[in-house]
Amino acid sequence: MNAKHARTWIIAFLAATTVAIGQTAHQPKVAPGPGEPDWAVILKERYGLEMFRDLLNPVKTTAEAAPGRFRKAGPGPVKYTPAVALGLETTTRGGWYISPRGAEPPQKKRLWSYTHKNTTADLKNERNLPPPLERGSSTSFDPGEAPFGVWVSNDGLDDGGVYSEPRLVAQHNARLRKQPYKAMIYPVIDRATGKRVPNALLIGWEYSTNDDFQDVICRLDNVTLVDD
Ligand SMILES: [Ca+2]
């Protein structure tokens, strides 16, 4: 076993240990994609986070009740930026919406799109990151004072996409109605200091059914998570 293999083995062991310790009864299982970087490993290596210990929106009762709304934290715009693309090769889109009070569908506002898929080598070598955004894309918006959510969709899936609020996935995405928890939300840690970056969040998105939760990895800035 050379040093590289030893390191890989240790990371895999740590990831497996984390799953064993952190998985709770209601929390959807996270399934590593075949041949793709494992979410637990990405979190640990790239972001200095533990998959369940650091999760800000765990499922405590039902998936639909898990948090997924945000508020703007201070003056200036909110930024919503894709960081890593590991889902389908077809075009991925992202944006935001004001959180609807009732059962009406959210009014989705578009921000950005890309047609790109990162590889394991990209992550190791810091190549092709973040995925190049297509013309007309923007990563900032101003939601005002209202609670809002963010969304992603992929053109290869004709289902309207997924929302940060599981309640809205259950109500408005027929394909994923029974599996509506599609965004795992984390703090952002400054790797140099080990301290939390204020008002910054990391989201691991799952836009399909295999629950690898790394189809799109995004960062949100100037926000707080509404946890009620
Ligand atoms: Ca997936």
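Where is the place of glutamate 126? Glutamate 126 sits in the loop between H3 and S5. The views below start with the whole chain and return to this loop later.

**View 1. The whole chain.**
This is a predicted model, in which local features need pLDDT of at least 70, side-chain atom pairs count only at pLDDT 80 or more, and totals for chains, interfaces and linings use all residues. Residues are numbered from 1 along each chain as its sequence is written. The pLDDT is the predictor's confidence in each residue, from 0 to 100. The chain averages a pLDDT of 91, and 90% of the residues score at least 70. Over residues 17-21 the pLDDT is below 50, and this stretch has five contacts in the model beyond near neighbours in sequence. Two residues are in contact if their C-beta atoms, placed from the backbone, lie within 7 Å.

The chain has four helices and 11 strands. Both are DSSP runs numbered from the N terminus: helices are H or I with at least four residues, strands are E with at least two. The C-alpha trace spans about 55 × 40 × 40 Å along its principal axes. The radius of gyration is 17 Å, which agrees with the value near 17 Å for a compact globule of 228 residues. That radius is taken over C-alpha atoms, and the globule rule is 2.2 Å times the number of residues to the power 0.38. Among contacts with a separation of 6 or more, 65% join residues 24 or more positions apart.

**View 2. The five-stranded sheet.**
Five strands form an open, antiparallel sheet in the order S5-S2-S10-S9-S8. S5 (140-141) and S8 (183-189) stand at the edges with a single partner strand each, so one side of each is left without a neighbour in the sheet. Two strands pair if DSSP finds at least two bridges between them. S2 (residues 78-85) and S10 (residues 216-221) pair over six bridges. Here proline 82 has cysteine 218 as its bridge partner. Six bridges also join S9 (residues 196-205) to S10, and glycine 204 is partnered there by isoleucine 217. Two bridges join S2 to S5, with lysine 79 opposite serine 140.

How many of the seven residues of S3 are buried? Five are, and the strand (residues 92-98) is mostly covered. A residue is buried if 20 or more other C-beta atoms lie within 10 Å of its own, exposed if 12 or fewer, and partly exposed in between, with C-beta atoms placed from the backbone. S3 runs antiparallel to S4 (residues 109-114), with five bridges. One of these pairs is threonine 92 with tyrosine 114. S3 also pairs with S6 (residues 148-154), in the antiparallel sense, over seven bridges. In that pairing, glycine 94 stands opposite valine 152.

The largest nonpolar core has 43 residues. H2 gives the most to this core, with five residues. Such a core is a set of buried Ala, Val, Leu, Ile, Met, Phe, Trp, Tyr and Cys residues joined through C-beta atoms within 7 Å. Val162, Ile203, Trp205 and Leu220 have the most contacts inside the core. Leaving out residues up to four places away in sequence, tryptophan 205 touches several residues, including Val152, Val162 and Cys218. In H2, Trp39, Ala40, Val41, Ile42 and Leu43 are buried. Glycine 48 follows H2 and has a positive phi, near 70 degrees.

**View 3. A loop lysine.**
Lysine 60 lies in the loop between H2 (39-47) and S1 (69-72). Lysine 60 is exposed because 12 other C-beta atoms lie within 10 Å. Its C-alpha atom is 6.2 Å from that of histidine 26, 34 residues apart along the chain.

Most residues other than glycine have a negative phi, and most peptide bonds are trans. Glutamate 126 is not a glycine, yet its phi is positive, about 55 degrees. With 8 C-beta neighbours inside 10 Å, glutamate 126 counts as exposed. Proline 130 lies in the loop between H3 (120-125) and S5. The peptide bond from leucine 129 to proline 130 is cis, with omega near -10 degrees.

Phenylalanine 213 is found in the loop between S9 and S10. Phenylalanine 213 also has a positive phi of about 55 degrees. Is phenylalanine 213 buried or exposed? Phenylalanine 213 is buried, with 28 other C-beta atoms within 10 Å.
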